[in-house]
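This briefing is meant for a reader who is meeting the structure for the first time.

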Amino acid sequence: MKPVSLIQFLIEERRAGRINAELSLLIEVVARACKRIAVATSKGALGGVLGNAGSDNVQGEAQKKLDVISNEILLEANAWGGQLAACASEEMEDPQPIPDMYPKGNHLLLFDPLDGSSNIDVNISVGTIFSILRCPDGITEPAAEHFQQPGTEQLAAGYVVYGPATLMVLTFGHGTHEFTLDREVGSFTLSRRDIRIPEETAEFAINMSNQRHWEAPMQRYVGELLAGTEGPRAKDFNMRWVASMVADVHRIVTRGGVFFYPLDAKIKSKGGKLRLMYEANPMAFIIEQAGGAATTGRERIMELQPTGLHQRVPVFLGSRKEIELATHYHREADGAQG
């Protein structure tokens with residue numbers, strides 16, 4: 001079968017009436033920027049891109065040099081194309097307007113330029129996550145509130161994982177699809193169409209070092225997994241944890257599994273660890289379109305009404321039956337407390 005390039009795939013989606021020309025071009029621009037980030041990450045120490053940048057992002061976290069480089073690459077690539085009204089980055093407090101010298105489009109782009117950047121220096125997979133929304137009608141200077149749309153309003157979402165191969169996983173709300181970067185040709189090529197995540201799994205990803213801080217229903221759920229064949233679940237589970245959300249989610253997209261970053265006593269005042277707009281919503285869209293489920297442990301992530309550009313939430317996502325059970329335990333505990 002003849003390989004299908006990303007551009008050919010986008011043209012097919014346009015002809016099918018699922019996306020418009022502006023959104024198609026926007027995806028091409030983001031893909032091109034991610035190819036540049038892939039080159040920068042692959043150079044490692046030889047490119048002088050490892051280590052801290054000596055600055056903090058809006059979250060108060062130390063920025064890696066590659067965080068800053070990746071953010072600049074995405075901002076620069078999207079400034080002049082005419083598809084965007086504005087963009088927002090996890091690394092910046094406020095949205096970035098499109099410079100007045102360039103035409104403006106009807107879309108809003110949100111991105112985490114380099115997810116898992118704490119893993120850069122040890123050569124573990126990192127990635128870029130992005131989400132695309134429609135700019136509200138009549139808004140020519142989008143502010144933070146115009147980005148604060150529920151995940152159900154996303155037009156597209158995707159992530160790129162920079163690993164042994166560079167992969168882009170993409171959804172427009174009509175299935176989840178994977179593209180592999182052919183480095184010799186320099187283009188993304190469709191490698192899996194209409195990915196389906198198994199409903200059941202025996203693999204989970206969670207940071208066990210936080211166990212003592214978890215809520216009771218999370219303790220109960222993970223305790224049952226760890227009890228294995230002798231416990232109530234009557235089967236053994238394997239645990240995986242990369243600490244790079246893109247890598248952990250891509251494992252689930254590839255072979256099933258579940259990923260949890262639950263609420264715990266350390267982060268309760270912040271509402272959670274992961275950002276709703278830059279991480280939770282796009283990943284939830286991708287996972288749901290592949291037949292999985294994504295909740296906060298209590299409600300569907302994509303139905304949340306955002307209250308801030310950098311709002312944090314707990315994240316449960318992956319194989320449907322496990323996510324439904326873990327969510328049920330939390331709702332049941334809430335009911336008992338009520």
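Buried area is the accessible area, taken with a 1.4 Å probe, that two parts lose on being put together, summed over both. In this predicted model, the area buried between domain 1 and domain 2 is about 3,000 Å², and carbon and sulfur atoms give 59% of it. The two domains of the protein chain are domain 1, which covers residues 4-194, and domain 2, which covers residues 203-334.

**How the two domains meet**

- The C-alpha centres of domain 1 and domain 2 lie 24 Å apart, and the contact takes 51 residues from domain 1 and 33 residues from domain 2.
- Of the area that domain 1 buries against domain 2, Ile129, Gln148 and Tyr159 supply 20%, which is more than any other three residues.
- Several elements each supply at least two residues of the side of domain 1 that touches domain 2, among them strand S3 (84-89), strand S5 (107-115), strand S6 (126-134) and helix H4 (144-147).
- Strand S6 gives the most to this side of domain 1, with seven residues.
- By residue type, the side of domain 1 that touches domain 2 divides into 23 nonpolar, 20 polar and eight charged residues.

**Salt bridges in the whole structure and across the interface**

- A search of the whole structure finds 20 salt bridges, while across the interface of domain 1 and domain 2 the rule finds one.
- Glu90 and Arg275 form a salt bridge in which the closest N and O atoms are 3.6 Å apart.

**A salt bridge between Arg193 and Glu12**

- Arg193 forms a salt bridge with Glu12, with 3.7 Å between the closest N and O atoms.
- This pair links distant parts of the chain, since Arg193 is in the loop between strand S10 (187-192) and strand S11 (203-205), whereas Glu12 is in helix H1 (residues 6-15), and the two are 181 residues apart.
- Both partners are partly exposed, Arg193 with a relative accessible area of 42% and Glu12 with a relative accessible area of 31%.

- The side chains of Arg255 and Glu203 meet in a salt bridge, at 2.9 Å from N to O.
- Arg255 lies in helix H6 (residues 245-255) and Glu203 in strand S11, so this pair ties together parts that are 52 residues apart in sequence.
- Arg255 is partly exposed, with a relative accessible area of 48%, whereas Glu203 is buried, with a relative accessible area of 12%.
- Glu203 and Arg255 also belong to a network of salt bridges that links them with Arg240, Asp248 and Arg251.

**A salt bridge between Asp334 and Arg298**

- Asp334 forms a salt bridge with Arg298, and the closest N and O atoms of the pair are 2.6 Å apart.
- Asp334 lies in helix H8 (residues 320-337) and Arg298 in the loop between strand S15 (293-295) and strand S16 (312-313), so the pair ties together parts that are 36 residues apart in sequence.
- Asp334 is partly exposed, with a relative accessible area of 28%, and Arg298 is likewise partly exposed, with a relative accessible area of 25%.

Key: Residues numbered from 1 in each chain as written. Predicted model: local features only at pLDDT ≥ 70, side-chain atom pairs only at ≥ 80, totals over all residues. Heavy atoms only, no water. Domains from an automatic or database assignment. Contact = heavy atoms within 4.5 Å. Salt bridge = Lys/Arg side-chain N within 4 Å of Asp/Glu carboxyl O. Helix = DSSP H or I, 4+ residues; strand = E, 2+ residues; numbered from the N terminus. Nonpolar A, V, L, I, M, F, W, Y, C, P; charged D, E, K, R; others polar. Buried < 20%, exposed > 50% of the residue type's maximum accessible area, 1.4 Å probe, protein only.
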